[in-house]
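Please describe the local architecture of this chain. Take the helices, strands and selected residues in turn.

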Amino acid sequence: MMITLRKNQTEPVRKAIEFFNAKNSSPSLIVLPTAWGKSILTAFTAKETEGKLLVLQPSKELLEQNYKKYLTLCGADLQVLAGIYSASFGRKDINKITYATIGSIKSIGKLFKQLGFKKMLIDEAHLYPREADSMLGTFLKESEITHVLGITATPIKLQQNTDLNGNRFSKLQMLTSRSKKGNFFNDIIHVGQVQEMVELGFWSKLEYQTTEFDSSQLIYNSTKSEYTEESVQLSFTQNDIRGQIFRELDANASRRHILVFVPSIQDAIEMSREYPDSAAIHSNLKSAERADIIDRFRSGELRVIFNVRVLSTGFDYTGIDCIIFGISTASIALYYQIVGRGTRINADKKDCLIIDLTGNVERFGRVEDIVFEKDTLWRMYGTGGKLLSGIPIHEIGNINRDNLKAKQIAVSQKKTGKAVETMPFGKHKGEPIKNLPASYKRWMLDKFDWHAGNENLKQSILMAM
């Protein structure tokens, strides 16, 4: 039986259908937040798209979920129009609408070309490598598919760089931004902002609770993409996070389905043994053991799951009413995924409490504040306009929307000859502004009386920060 689309679903579905039915389309993205219902967009788009459509999934589980959603929404009688091509699923059917995993079709691009496939919808598009020699790149080249539309909640990709001194660093790059690996996707044709989900009541209300946290022990790894496991563990120990977790569990006795993220398997196992009605989930468990724990958690037999990042994605139990961060992360993607576990609506919960004991909320802000905006480029912002993409991860928090606009103005002034190259007065008079001590530049920005007459100097200082 067909369902009625929600208010915020109509436009992106329409744009996706128009994208595929257009004569010419450049590879593009649709950004949809966690819990938006991406399988709904996939089903409606598949049904209304002219010609043959290949729907690419990153895993067997998502393939099965989206295929079943298609049958549910579009009618089981349409099953004859839909096929599954996935070795892990045990089926290799090609039909008008074909749900597939890339590993199963990577070598048969020419077959899909012969069968007349020109259109591809990619779920979780951020998971696929951009290189031309990747499995996806090879398939697209051989199949000569012309219309590619990706769907994702996080249109960002971790990119590693080296500065002029040979030091390595990492940054989150929008999938539409040029990089050393190229950018396959050229534009975003629709963004469903997180705040829309909140305002329309499609996200559970989130309550944030934070504590003081000494982050001095945290050390970035060699690529500055994340904190080292050793430093996260040391911070966990020295801040007595274990004790704090137990105290928060006791203090929030009304919360019935709690996920706790801890640094190590040993921590998870030991804490589950110490705390009643709890269990540990980690990568060393067999699938059957993990499934049993999740079933007992859903039923209410278990109140708490201590886990080691295992349930950060793909676990969509709607009853989760509390998430406790016992780990620090430098990854906005991981932070978003973890908080996202609590955003699902459930009649038995009024909200989800996010208890952050390890400095993550201060670092990234509230998930509801994340927005994707385009000026000259697409960018990702957080609470207070904090820039989250396109800058080194270790510098997140130093640049916000206003700083960026000021720098853009300064760059424009430099191109037009209006920028100030040297300090016009003071103890550094005559010195190139780019060579001034950072502390002096910050002092000037804080203390000077800025007005229209010296705005060019201010912009030049901002550009040199």
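Gln 244 sits in helix 9. This is a predicted model. The relative accessibility of Gln 244 is 15%. That is under the 20% cut-off, so Gln 244 counts as buried. Beyond residues up to four places away in sequence, Gln 244 touches Thr 211, Asn 239 and Leu 357.

## Helix 9 against helix 10

Two packed helices are described by the angle between their axes and the distance between the axes. Helix 9 covers residues 241-251, and helix 10 covers residues 265-274. Their axes come within 12 Å and cross at roughly 40°. That angle makes helix 9 oblique to helix 10. The crossing is right-handed.

Which residues meet in this pair? Helix 9 contributes Arg 242, Ile 245 and Phe 246. Helix 10 contributes Asp 267, Glu 270, Met 271 and Glu 274. By class, the contact of helix 9 with helix 10 has 3 nonpolar and 4 charged residues, and no polar ones.

Strands of a sheet pair through backbone hydrogen bonds, either parallel or antiparallel.

Strand 12 (residues 258-261) and strand 14 (residues 304-307) run parallel. They are joined by 4 bridges. Within this pair, Val 260 stands opposite Phe 306 of strand 14.

## Helices on the sheet

## Tyr 220 in its loop

Where is Tyr 220 found? The answer is the loop between strand 11 (206-210) and helix 8 (229-238). Tyr 220 has a relative accessible area of 26%, so this residue is partly exposed.

Leaving aside neighbours within four places in sequence, Tyr 220 is in contact with Glu 226, Tyr 227, Thr 228, Ala 330, Ile 393 and His 394. Take Ile 393 from that list. Tyr 220 and Ile 393 are 173 residues apart in sequence. In space, their C-alpha atoms are 9.9 Å apart.

Strand 5 (residues 97-101) is mostly covered, with 5 of its 5 residues buried. In a regular strand the side chains alternate between the two faces of the sheet. In strand 5, Ile 97, Tyr 99 and Thr 101 point one way. Thr 98 and Ala 100 point the other way. Residues of both sets are buried.

Strand 5 runs parallel to strand 2 (residues 53-57), and 5 bridges join the two. Strand 5 also runs parallel to strand 3 (residues 82-86), through 4 bridges. Ile 97 of strand 5 has Leu 53 opposite. Ala 82 also stands opposite Ile 97.

## Helix 15 against helix 16

Helix 15 (residues 438-447) and helix 16 (residues 455-464) form another helix pair. Their axes come within 10 Å and cross at roughly 140°. The crossing of helix 15 and helix 16 is left-handed.

From helix 15, Lys 441, Met 444 and Leu 445 take part in the contact. They meet Lys 458, Ile 461, Leu 462 and Ala 464 in helix 16. How do the residues of this contact divide by class? There are 5 nonpolar, no polar and 2 charged.

## A hairpin

Strand 17 and strand 18 form a hairpin, with 3 residues between them. Strand 17 spans residues 371-374, and strand 18 spans residues 378-381. The two run antiparallel and are joined by 4 bridges. Glu 373 stands opposite Arg 379 in strand 18.

Definitions and conventions
Residues are numbered from 1 along each chain as its sequence is written. This is a predicted model: local features need pLDDT of at least 70, side-chain atom pairs count only at pLDDT 80 or more; totals for chains, interfaces and linings use all residues. Side-chain values use heavy atoms; hydrogens and water are left out. Axes are lines fitted to C-alpha atoms, for helices over the stretch in contact, and angles run from 0 to 180 degrees between N-to-C directions. Angles under 35 degrees count as roughly parallel, over 145 as roughly antiparallel, 65 to 115 as roughly perpendicular and the rest as oblique. A crossing is left-handed if the near helix is turned anticlockwise from the far one by less than a right angle, and right-handed if clockwise. Contact means heavy atoms within 4.5 Å. Ala, Val, Leu, Ile, Met, Phe, Trp, Tyr, Cys and Pro count as nonpolar, Asp, Glu, Lys and Arg as charged, and the others, Gly among them, as polar. Buried means under 20% relative accessible area, exposed over 50%, partly exposed in between (1.4 Å probe, protein chains only). Two strands pair if DSSP finds at least two bridges between them.
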